[in-house]
Amino acid sequence: MEEVPHDCPGADSTQAGRGPSCQGCPNQRLCASGAGAAPDPAIEEIKEKMKTVKHKILILSGKGGVGKSTFSAHLAHGLAEDENTQVALLDIDICGPSIPKIMGLEGEQYVEDNLGVMSVGFLLSSPDDAVIWRGPKKNGMIKQFLRDVDWGDVDYLLVDTPPGTSDEHLSVVQYLAAARIDGAVIVTTPQEVSLQDVRKEINFCHKVALPVIGVVENMSGFVCPRCKKESQIFPPTTGGAEGMCQDLKVPLLGKVPLDPHIGESCDKGQSFFVEAPNSPATLAYRSIIQKIQEFCTPRQPKEDLVSS
């Protein structure tokens, strides 16, 4: 994972890419190219395009293999269960576009009438093709997705990102800055090896002024398919996501147990909620989704209700 320097001046600073702490940072050239330069006109174009998108949520992870794309897909499925809610899922994991497979899409971009997907995976001649691009080409692809796709009237735009804090993350935050991002959901597993990277991810969010909606602890236990009992597979040796969230003062949205049906559903391109509606994992997902919805649509203040 590419680490944001502890005293990073921030991507929007005039010292971005030029300060002492920037030396050796993998993002130095990208930040320096924008420091003090005229803003990319695409930012205003994207702001205009995003006027029809109510809520924008980034799904992040400190490292790979924690179930981030699986969570992104099921967050989209869960939100779209309300047929009056329009949902779009954008996959900017350029080198590992797994969303089309998880969503069961082959040449199509709509799972349901109210759930659409965009991914570089749709542009490849074969699912086995490798995307071997440098940073500028990845950034150009993200710009095209945000500016040139006809998103239409959307209630939720969910952005599935690659692991870490690299070019893709800086690009999507920069391009959506003027359009206002609701925040980021960060996915982790209970082990310290995962949590240490999540701490860096939270630090990244603070540096680029990206609100943290909360953290999801995935694979927090194992649900036996026979007896339905749950046991710990990855013991939280340092307190797990709950302990980390308390230390860093960020919300813990919930814990999703490991259920074999989740992997099966992803391989089949089906919604896990339909396959296992009564699973503890399904109930955990639904609770988390409700919290995200509440974050994006806060209650109206009492004084506003009186005046209206």
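Colleague: Which residue meets E242 in a salt bridge, and which elements does the pair link?

Modeller: In this predicted model, the side chain of E242 takes part in a salt bridge with an N to O distance of 3.3 Å. E242 lies in helix α8 (residues 240–248), and its partner lies in strand β9 (residues 252–258), 13 residues apart, so the pair is described as linking distant parts of the chain. The partner is K255.

Colleague: Is K255 buried, partly exposed or exposed?

Modeller: The relative accessibility of K255 is 37%. Buried requires a value under 20% and exposed a value over 50%, so a residue in between falls into the middle class. E242, at 38%, is placed in that class. K255 therefore counts as partly exposed.

Colleague: How far apart are the closest N and O atoms of R199 and E192?

Modeller: R199 has a relative accessibility of 29% and therefore counts as partly exposed. E192, at 23%, also counts as partly exposed. The two residues form a salt bridge, and their closest N and O atoms are separated by 2.8 Å.

Colleague: How many salt bridges does the structure hold?

Modeller: The pairs K68 with D160 and R199 with E192 are among them. There is also a network of salt bridges that links E45, R147 and D148. The structure holds 13 salt bridges.

Colleague: Which residue of β5 is the bridge partner of V87?

Modeller: Strand β5 runs parallel to β2, and five bridges join the two. V87 lies on one side of β2 together with L89 and D91, and these residues are buried. The partner of V87 in β5 is Y156.

Colleague: Which residue of β4 stands opposite L89?

Modeller: Strand β2 (residues 87–91) is mostly covered, with five of its five residues buried. On the side away from V87, L89 and D91, the buried residues are A88 and L90. β2 also pairs in the parallel sense with strand β4 (residues 115–119) over five bridges. In β4, the residue opposite L89 is V117.

Colleague: How many disulfides does the structure hold?

Modeller: C95, at 45% relative accessibility, counts as partly exposed. C205, at 0%, counts as buried. The number of disulfides in the structure is zero.

Methods: Residues are numbered from 1 along each chain as its sequence is written. This is a predicted model: local features need pLDDT of at least 70, side-chain atom pairs count only at pLDDT 80 or more; totals for chains, interfaces and linings use all residues. Side-chain values use heavy atoms; hydrogens and water are left out. A salt bridge is a side-chain nitrogen of Lys or Arg within 4 Å of a carboxyl oxygen of Asp or Glu. Buried means under 20% relative accessible area, exposed over 50%, partly exposed in between (1.4 Å probe, protein chains only). Helices (H or I, at least four residues) and strands (E, at least two) are DSSP runs, numbered from the N terminus. A disulfide is a pair of cysteine sulfur atoms within 2.5 Å. Two strands pair if DSSP finds at least two bridges between them.
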